[in-house]
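User: Hi! Could you walk me through this model? I'd like to start with the charged side chains.

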Amino acid sequence: MDPENLEFINQLLDKDVELREKIKEQVVEFDKKTRTLSGMLNKIHSTPSEQMAVLLDSVRPTLEGCRETTAALAVLIPANQFWRWKDMWCNSLRSAVYAATLMEYLKSGTLLTLPTVNEVLGIKDEWKDRFTLTAEDYLHGLITLVNELSRLAVNAVTLGDFEAPIKISVFVKDLFAGFAMLNLKNDLLRRRYDSLKYDIKKIEEVVYDVSLRKLVPSISSDKLQDNPI
């Protein structure tokens with residue numbers, strides 16, 4: 001190769017290295033925020049239901065702080081290069097999806113849609129060729145949500161909230177039914193979806209035990225069925 005061509009290639013390589021380092025800095029910051037979120041949300045397992053709103057209010061500023069990082073990443077990524085770099089931040093983004101959907105469930109008992117998660121995390125439509133939330137990353141976040149709710153079903157009973165497992169059961173089964181209608185071709189996503197049946201079984205065992213001991217009125221389950229996600 002002639003010297004000019006070599007110099008040109010070296011410049012391209014140097015730019016790639018420089019860009020990767022800048023992206024890495026933002027991803028490290030994103031990861032710090034999502035780990036903080038996970039740590040704060042872990043307190044739900046020891047927080048009585050009547051104090052849950054206070055806990056969520058304390059977590060919300062950290063979730064909203066993720067918007068700064070998503071905006072910074074969107075500025076860094078060159079046009080039409082989303083798929084080239086997305087693997088660097090996908091785990092952090094999935095964790096943020098999990099945190100946002102868990103907080104909404106605890107607040108209202110409903111599921112955040114993918115477009116609404118985009119709004120929560122400050123992800124704009126015009127960034128779609130640089131930074132966006134893919135369907136797969138959204139679904140990974142939902143699977144983590146179910147994993148955490150299966151834990152909460154057990155711990156809520158310990159805290160004396162006997163209706164929580166029934167509500168969680170209705171929510172999770174509806175979510176599982178939705179997954180069943182999707183054509184999941186991603187191997188990792190498919191395996192994680194298949195593992196949800198163990199979470200459902202765990203929740204069902206808690207519901208059965210609560211019902212057997214008559215710790216909740218029998219009408220509670222019927223009422224909950226009238227309030228789908």
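Analyst: Happy to. One definition before we start: a salt bridge here is a side-chain nitrogen of Lys or Arg within 4 Å of a carboxyl oxygen of Asp or Glu. Also keep in mind that this is a predicted model.

User: Thanks. What is the nearest side chain of opposite charge to E104, and how far away is it?

Analyst: That would be K107, at 4.8 Å. With the cut-off at 4 Å, E104 has no salt bridge, although E104 is buried.

User: Where does E104 sit, and what is it in contact with?

Analyst: E104 is in helix α4. Setting aside neighbours within four places in sequence, E104 is in contact with G109, T110 and L112.

User: OK, on to the real pairs. How many salt bridges are there?

Analyst: The structure has 12. One of them joins R94 and D137, with their closest N and O atoms 2.7 Å apart. R94 lies in helix α4 and D137 in helix α6, so this pair ties together parts 43 residues apart in sequence.

User: Are those two buried or exposed?

Analyst: R94 and D137 are both buried.

User: What about D16, which partner does it have?

Analyst: D16 forms a salt bridge with R84, and the closest N and O atoms are 2.4 Å apart. Since D16 is in helix α1 and R84 in helix α3, the pair links parts that are 68 residues apart in sequence. D16 is partly exposed, at 27% relative accessible area, and R84 is partly exposed too, at 46%.

User: And R190 with D194, how far apart are they in helix α8?

Analyst: They are 4 residues apart, which means about one helical turn separates them. Their side chains meet in a salt bridge at 3.7 Å, N to O. R190 is partly exposed at 36% relative accessibility, and D194 is partly exposed at 31%.

User: Switching topic: how many residues does the largest nonpolar core have?

Analyst: It has 62 residues, and W89, L149 and F179 have the most contacts inside it. Several helices each supply at least two residues, among them α1, α6 and α7. The one giving the most is α4, with 10 residues.

User: What does L149 touch?

Analyst: Not counting residues up to four places away in sequence, L149 touches L102, Y105, I168, F171 and V172.

User: Last one: which residues form a nonpolar patch on the surface?

Analyst: M1, L6, F8, I9, L12 and L13 do, with about 590 Å² of accessible area together. Of these, F8 is found in helix α1 and is partly exposed, at 47% relative accessibility.

Note on methods:
Residues are numbered from 1 along each chain as its sequence is written. This is a predicted model: local features need pLDDT of at least 70, side-chain atom pairs count only at pLDDT 80 or more; totals for chains, interfaces and linings use all residues. Side-chain values use heavy atoms; hydrogens and water are left out. Patches are made of residues with over 30% relative accessible area and no salt bridge: like charges are joined within 9 Å, nonpolar side chains (Val, Leu, Ile, Met, Phe, Trp, Tyr) within 5 Å. Accessible areas come from the Shrake-Rupley method with a 1.4 Å probe; for residues, only the protein chains shown count as cover. Buried means under 20% relative accessible area, exposed over 50%, partly exposed in between (1.4 Å probe, protein chains only). A nonpolar core is a set of buried Ala, Val, Leu, Ile, Met, Phe, Trp, Tyr and Cys residues joined through side-chain atoms within 4.5 Å. Contact means heavy atoms within 4.5 Å. Lys and Arg count as positive and Asp and Glu as negative; His and the chain ends are not counted.
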